Amino acid sequence: MWRWIGAAAILLALVSLVVPHVAWRWREQPSPRGTPVKVLLDDFHVHRTNAAVPAGMVRFQLTNNGPSTHEFIVVRTNRAPDKLPLQRDGLTVDEEGPGVAPVDEAEGLDIADRRTLTLDLAPGHYVLFCNMEGHYLGGMHAAFTVR
C-alpha cells in the first residue's frame with residue numbers, strides 16, 4: 001500500500017510541474033489571425049481555396065508545387081485577371097501600370113517551398129499571379145474578391 005501512495009505522490013509532483021509549463025507554452029502561442037486561403041502554385045495555375053473572403057486580415061498559405069520557381073503577387077484592380085498591362089518585354093506584368101495597385105508579394109518560392117503572407121485587405125477586386133517571365137501569359141493568375 002505504501003508503494004502505491006509513494007507512486008501517487010511522485011505522479012502528482014510530476015503533473016504539478018508539467019501542467020503549468022504546458023499551459024504557459026499554450027498561452028505563448030498566439031492563434032493565427034485572418035481568414036485562411038490556401039494557395040497552390042504550379043505551371044501555369046494559381047489554385048486558391050477561396051475566391052472571395054470578408055474584408056480584413058487574410059492569411060495566404062502558399063505552396064509551390066513546381067516544376068519551377070514561382071512568386072505570388074497581389075494587386076488591387078478592376079481589370080480582368082488576364083487583362084493586366086504588360087511591360088515592354090511583353091512577357092511580364094507592369095505591376096505599377098495603369099489600373100493596377102500593388103499590395104504585396106512573396107518572391108523566390110522554390111519548388112516545395114511553403115510560406116504564409118498575411119495581408120489586411122479592403123473590399124475590392126484583386127488579382128493573384130506569378131510574374132516570372134511568361135508565367136502570367138501562360139495563365140498563372142486568378143481573380144480574388146474581398147467583400
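**Aromatic pairs and contacts in a predicted model**

Q: Let's start with Phe72: buried or exposed?
A: Phe72 counts as buried, because its relative accessibility is 0% and the cut-off for that class is under 20%. Please keep in mind that this is a predicted model.

Q: And what about Phe60, buried or exposed?
A: Phe60 has a relative accessible area of 0%, so this residue is buried.

Q: How many aromatic pairs turn up in the whole structure?
A: A search over the whole structure gives three aromatic pairs. In one of them, the ring centres of Phe60 and Phe72 are 5.2 Å apart and the planes meet at 55°, so the pair is classed as tilted.

Q: What geometry does the pair of Phe129 and Tyr136 have?
A: Phe129 and Tyr136 form an edge-to-face pair, with 5.8 Å from centre to centre and 75° between the planes. Both of these residues are buried.

Q: Which residues do ring pairs link into a cluster?
A: The cluster consists of Phe60, Phe72 and Phe144, which are linked by ring pairs.

Q: Switching topic, what does Glu95 do with its side chain?
A: The side chain of Glu95 is joined to that of Asn131 by a polar contact of 2.8 Å. Along the chain these two residues are 36 residues apart, and their C-alpha atoms are separated by 8.8 Å.

Q: Where is Glu95, and what else does it touch?
A: Glu95 lies in the loop between β5 and β6. Leaving aside residues up to four places away in sequence, Glu95 touches Ile73, Val75, Val100, Pro102, Glu105, Phe129 and Asn131, and Phe129 is also a member of the edge-to-face pair with Tyr136.

Q: Which other residue is in that loop?
A: Leu91 is found in the loop between β5 and β6, where β6 spans 101-109. With a relative accessible area of 32%, Leu91 is partly exposed, and together with Leu86 and Leu137 it makes a nonpolar surface patch of about 230 Å².

Q: Back to β4 then: is Thr63 buried or exposed?
A: Thr63, which is placed in strand β4, counts as buried at 17% relative accessibility.

Q: What does the Thr63 side chain contact?
A: Its side chain makes a polar contact of 3.2 Å with the side chain of Arg114. If residues up to four places away in sequence are not counted, Thr63 touches Val39, Leu40, Leu41, Asp113 and Arg114.

Q: Finally, what does the overall picture look like?
A: The chain has one helix and nine strands, and reading along the sequence gives the pattern α-β-β-β-β-β-β-β-β-β. Of its 147 residues, 31% are buried, and the chain exposes about 9,100 Å², of which carbon and sulfur atoms supply 58%.

Q: What share of the contacts joins residues at least 24 apart?
A: That share is 66%, taken among contacts in the chain between residues at least 6 apart in sequence.

Definitions and conventions: Residues are numbered from 1 along each chain as its sequence is written. This is a predicted model: local features need pLDDT of at least 70, side-chain atom pairs count only at pLDDT 80 or more; totals for chains, interfaces and linings use all residues. Side-chain values use heavy atoms; hydrogens and water are left out. Rings of Phe, Tyr and Trp (its six-membered ring) pair if their centres lie within 6.5 Å; planes under 30 degrees apart count as stacked, over 60 as edge-to-face and the rest as tilted. Buried means under 20% relative accessible area, exposed over 50%, partly exposed in between (1.4 Å probe, protein chains only). Patches are made of residues with over 30% relative accessible area and no salt bridge: like charges are joined within 9 Å, nonpolar side chains (Val, Leu, Ile, Met, Phe, Trp, Tyr) within 5 Å. Accessible areas come from the Shrake-Rupley method with a 1.4 Å probe; for residues, only the protein chains shown count as cover. A salt bridge is a side-chain nitrogen of Lys or Arg within 4 Å of a carboxyl oxygen of Asp or Glu. Helices (H or I, at least four residues) and strands (E, at least two) are DSSP runs, numbered from the N terminus. A polar contact is a pair of N or O atoms within 3.5 Å; within protein, one must be able to donate a hydrogen and the other to accept it, and residues adjacent in sequence count only if both atoms are side-chain atoms. Contact means heavy atoms within 4.5 Å.
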